[in-house]
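I opened this entry to go through one model, piece by piece. My notes follow in the order I looked things up.

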Amino acid sequence: MKIGIKGINRASATVTVALTAGAVLAGSVFAATAQAATPPTPTIAAKGGYVMNNGTAKTLFTKAADTRRSTGSTTKIMTAKVVLAQKNLNLDSKVTIQKAYSDYIVSKGASSAHLIVGDKVTVRQLLYGLMLPSGCDAAYALADKFGTGTTRAARVKSFIGKMNASAKSLGLKNTHFDSFDGIGNGSNYSTPRDLTKIASSAMKSSTFRTVVKTKSTKQKVTTKSGGYRYMSWSNTNTMLSSYSGAIGVKTGSGPTAKYCLVFAATRNGKTVIGTVLASTSATTRTADMKKIMDYSFKK
């Protein structure tokens, strides 16, 4: 009997040890799974950042998301949004390029779509010139076209007023525009959260979505003499080629703005959209955005 009892006790001990080891192993697996499910919040060089789920508006990442900063050419997202919101908009209507637009580029040392004075360019083409090479001449042409007033200055002022009215209609309290292209006079600012919301709203337009996801385009425009020429534009948003699922949106830079990027991507049916402001270089803003987008897709 004693031998039998001892045998049973040894067997029980063996089973107990096995069960304990299994529990420890299972616990380790569960802990590892839990850890994998909550990735660490990334650190970015940009002074401000924000990402949200474009479908639910749920916040996925923040860093000084409501601090007002200069926005550089990401301002042009609102420029395009205002144009596309015009009643009875004809994207194929033509705009004659004025000398004032090219003079402006020269005087500001601004980014350009290299529009030629006298050429007749459609509104659709101007949107490509605005969003791909970040043409401040295209922005000026659109503001002149869609503002109201008897003088160019009045029309531009009117257009900028429409930009601010649009921001107000979105409920944005930390955004103000004093230019059509981001080359402001000290009162052109927004925040990572507000810019993301502007971009999200703009992305509701199929035309906007088509333009901002385009890597490059060649557009046939009518010359002053009635002939034609081709304009070739490449997108300054290099993440369209380097980030899986990328669908937009716009780069920006400037002495005060530093390096900015508003970006969107779709993976497995989930679209996330976000902004980084005041990063340290073009390379760093890309790295910043990749970090926070990767993080947001895992949440």
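In what order do the strands of the open sheet run, and with which pairing? I read the order as β2-β1-β9-β8-β7, 5 strands with antiparallel pairing. I then looked for the edges: β2 (59-63) and β7 (246-254) each pair on one side only. Neighbouring strands in this sheet are turned by 5° against each other on average, direction ignored.

β7 runs antiparallel to β8 (residues 258-267), and 8 bridges join the two. I found Gly-254 opposite Lys-258 in β8.

Confidence check. The model is predicted. I noted an average pLDDT of 91 for the protein, with 88% of the residues scoring at least 70.

Then the helices. I found α7 (residues 192-202) lying across β1 (48-53), β2, β7, β8 and β9 (270-279). Helix α7 runs at about 135° to β9.

What packs with α7, and at which angle? I have helix α2 (residues 76-84), at about 35°, with the axes 10 Å apart. The crossing of α2 and α7 is left-handed. From α2 I listed Ile-77, Met-78 and Lys-81; they meet Ile-198, Ala-199, Ser-201 and Ala-202 of α7. By type, the residues of this contact are 5 nonpolar, 1 polar and 1 charged.

Methods. Residues numbered from 1 in each chain as written. Predicted model: local features only at pLDDT ≥ 70, side-chain atom pairs only at ≥ 80, totals over all residues. Heavy atoms only, no water. pLDDT = per-residue confidence, 0-100. Pairing = 2+ DSSP bridges. Helix = DSSP H or I, 4+ residues; strand = E, 2+ residues; numbered from the N terminus. Axes fitted to C-alpha atoms, helices over the stretch in contact; angles between N-to-C directions. Contact = heavy atoms within 4.5 Å. Left-handed = near helix turned anticlockwise from the far one by under 90°. Nonpolar A, V, L, I, M, F, W, Y, C, P; charged D, E, K, R; others polar.
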